[in-house]
Amino acid sequence: MSYLTYVGKRLLQMLPVLFGISIAVFAIVHLIPGDPADVLLGQNATDARVKILNKKLGIDRPLLVQYFAFVWDLLHGSLGTSFYNRESVSSLILGRLPETGMLLFGGVILSILIALPLSILAASKRGAFRDQLVRAIPIVGLGMPQVWVGVMLILLLGLRFPLFPVSGFGETFPERIHSIFLPSLTIAILLSPILIRSLRASMLEILDSDYVLTARAKGISTARITRVHVLRNAIIASVTVLGINIAYLVGSMVVVERVFAISGTGSLMIDSISRRDYPIVQGVTLYFAFIVVLVSLITDLIHAALDPRVVVK
Amino acid sequence: MKFSKTLYVGVGLLGALVLAAIFAPLITSFDPNEPDYANTLLGPTAQHWLGTDPLGRDVFTRLIYGARIDLAIGLLAVVLPFIIGVSLGLLTGWRGGKTDSIIMRLVDTFIAFPFYVLAIALVFIFGPGIKSIIIAITLVGWVAYCRIVRANVLVAKEQDYIHAARLTGLPSSRILRRHMLPNVISQSIVFAMSDIVLSILAIVSLGYLGLGVPVPTAEWGSMIQEGQGYISQQWWLATLPGLMVVYVGFSLSLIGDGLVARLER
């Protein structure tokens, strides 16, 4: 199979998934008990007004027709308008993108900075004390609640040693980097145990491989082997692991935003729940699912481009 | 079978907490949810070992009673995903073909939803509470078991004992139940240990967001949220409930590792 065939096949595979996602998100809104009219007009609205509104919102049509209308709007980039303030859902989501994007990016960078050196340290001397120590990290780390890690960082690095702001999102770019640090670190602490687990394993595999043995036989120094052969492959491996865990990453982000009172996309969703603003809940759910599908596609394509074995399989 | 130290330590640690949760009324005489406005935000005293919260409730009592909620729902929430995932995994791996491609596309779809996003959307539909949490965890959780079992079935299918069972003309249902299941289930059981931790983490996060078990019921997530407001004076209010979760996570991961060591023998 050539790379292009692989790309085509992978894209085709996406179609049923996108279809499934659209059905699921559509179902979420239609499973909600009660009419949207109850929310918009209040409990005491007359039947006549409810009927008029339902006609206006198009929910008096058959489900199938509504589903196609929903998909049609989606294909035109429209996610509907908020019940609460009549703004377009897609522009509301895009407006929150800087916060969410920086948090995601910061979390990924910091987690690689934490996990990569630790995994190299552990794998370089299998079974030694330092390896045991690094292997213990996931045992404790995977049991830490996201919100608690955030609160503990606030306590330590925000209050005891007031190095970083504990909430909000600054105005200027340096301010933003400063205020996004603790939330990003929270995400990094949650992701690192997962990364360490897979990175240590792939690192050991690399160190046992023939090309490293060849390099050693040629008398190349350990430092150079680590830098040239091991590190490069390890970074590819981390990208793949991150790609696989993107859903977990995005999900944690929603929760972490809340701890640090950052008004990103996750906060938008949670705020909309108390207002029963379902176009937004629907829009954000769809948006996150779409990000996950897209990121796993990109990861797979990069992985396949870098490692020809994937395409052959 | 060799004595597995990890397994026993894990079971011991978890067992101690389970016992404490069950016999909570014998360990502490306070009510976990009844406010006592005369004694709010006390530090540790002889009477209140870990002090009291902003509503004057005994923190130690709430931690122990919180275990009832978090452990019970955490355990309960993985039962359905386990059963559904293992059954579908058996089916899809065994039948292959069309069944397999339909179920696997379904798996891909559910994987695309970040768990917390789906859970929050479901809480929106069904309202906050235990029911929504269990539905959300079930909807997302079965996928992992399905994939694990499917992978194991694909391997086992080609092995001699299954070929032999087929040649004797046994019906598929019997082969799956009596020959396949016992051989492919162990990895799922090990995974279930970490899955319990994941579902407790979900309950805690939803509780923190105010979308979980409704207040005033003692629950670790809402305790962290309540404690965050008092973090500069009474740091332990938010810290201790989190440590309880870490304790549970630690003991379950020891149990998981112990099981792996046992099964590999």
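**View 1. Overall make-up of chain A.** Chain A holds 15 helices and 0 strands; helices (H or I, at least four residues) and strands (E, at least two) are DSSP runs numbered from the N terminus. This is a predicted model, in which local features need pLDDT of at least 70 and side-chain atom pairs count only at pLDDT 80 or more, while totals for chains, interfaces and linings use all residues. Residues are numbered from 1 along each chain as its sequence is written, and chains are lettered from A and ligands numbered from 1 in the order in which they are written. Along the principal axes, the C-alpha atoms of chain A fill a box of roughly 85 × 60 × 35 Å. Of the 313 residues in chain A, 35% are buried. A residue is buried if 20 or more other C-beta atoms lie within 10 Å of its own, exposed if 12 or fewer, and partly exposed in between, with C-beta atoms placed from the backbone.

**View 2. The side of chain A that touches chain B.** Here 37 residues of chain A are in contact with 37 residues of chain B. Two residues are in contact if their C-beta atoms, placed from the backbone, lie within 7 Å. On chain A, the elements giving two or more residues to this side are helices H1 (3-31), H7 (129-141), H8 (146-160), H12 (246-259), H13 (265-274) and H14 (278-306). The largest share, 8 residues, comes from H8(A). By class, this side of chain A has 31 nonpolar, 5 polar and 1 charged residues. Ala, Val, Leu, Ile, Met, Phe, Trp, Tyr, Cys and Pro count as nonpolar, Asp, Glu, Lys and Arg as charged, and the others, Gly among them, as polar.

**View 3. The two domains of chain A.** Chain A is divided into domain 1 (3-75) and domain 2 (90-300), with bounds from an automatic or database domain assignment. Their C-alpha centres lie 33 Å apart. The contact takes 11 residues from domain 1 of chain A and 9 residues from domain 2 of chain A. On the domain 1 side, H1 and helix H2 (36-41) of chain A each supply at least two residues. H1(A) gives the most to that side, with 8 residues.

**View 4. A helix crossing in chain B.** The axes of helix H1 (residues 5-22) and helix H3 (residues 59-95) of chain B come within 8 Å and cross at roughly 110°. Axes are lines fitted to C-alpha atoms, for helices over the stretch in contact, and angles run from 0 to 180 degrees between N-to-C directions. H1(B) and H3(B) are therefore roughly perpendicular to each other, a label for angles of 65 to 115 degrees. H1(B) contributes B:Leu17, B:Val18, B:Ala20 and B:Ala21 to the contact, and H3(B) contributes B:Ile64, B:Ala67, B:Arg68 and B:Leu71.

**View 5. Surroundings of B:Phe191.** B:Phe191 is found in helix H9 (residues 186-208) of chain B. B:Phe191 counts as buried because it has 20 C-beta neighbours inside 10 Å. Not counting residues up to four places away in sequence, B:Phe191 touches B:Ala144, B:Tyr145 and B:Ile148.

**View 6. The largest nonpolar core.** This core has 152 residues, and B:Ala119 and B:Ile120 have the most contacts inside it. A nonpolar core is a set of buried Ala, Val, Leu, Ile, Met, Phe, Trp, Tyr and Cys residues joined through C-beta atoms within 7 Å. Leaving aside neighbours within four places in sequence, B:Ala119 is in contact with B:Ala136, B:Ala202 and B:Leu206.

Notes. Angles under 35 degrees count as roughly parallel, over 145 as roughly antiparallel, 65 to 115 as roughly perpendicular and the rest as oblique.
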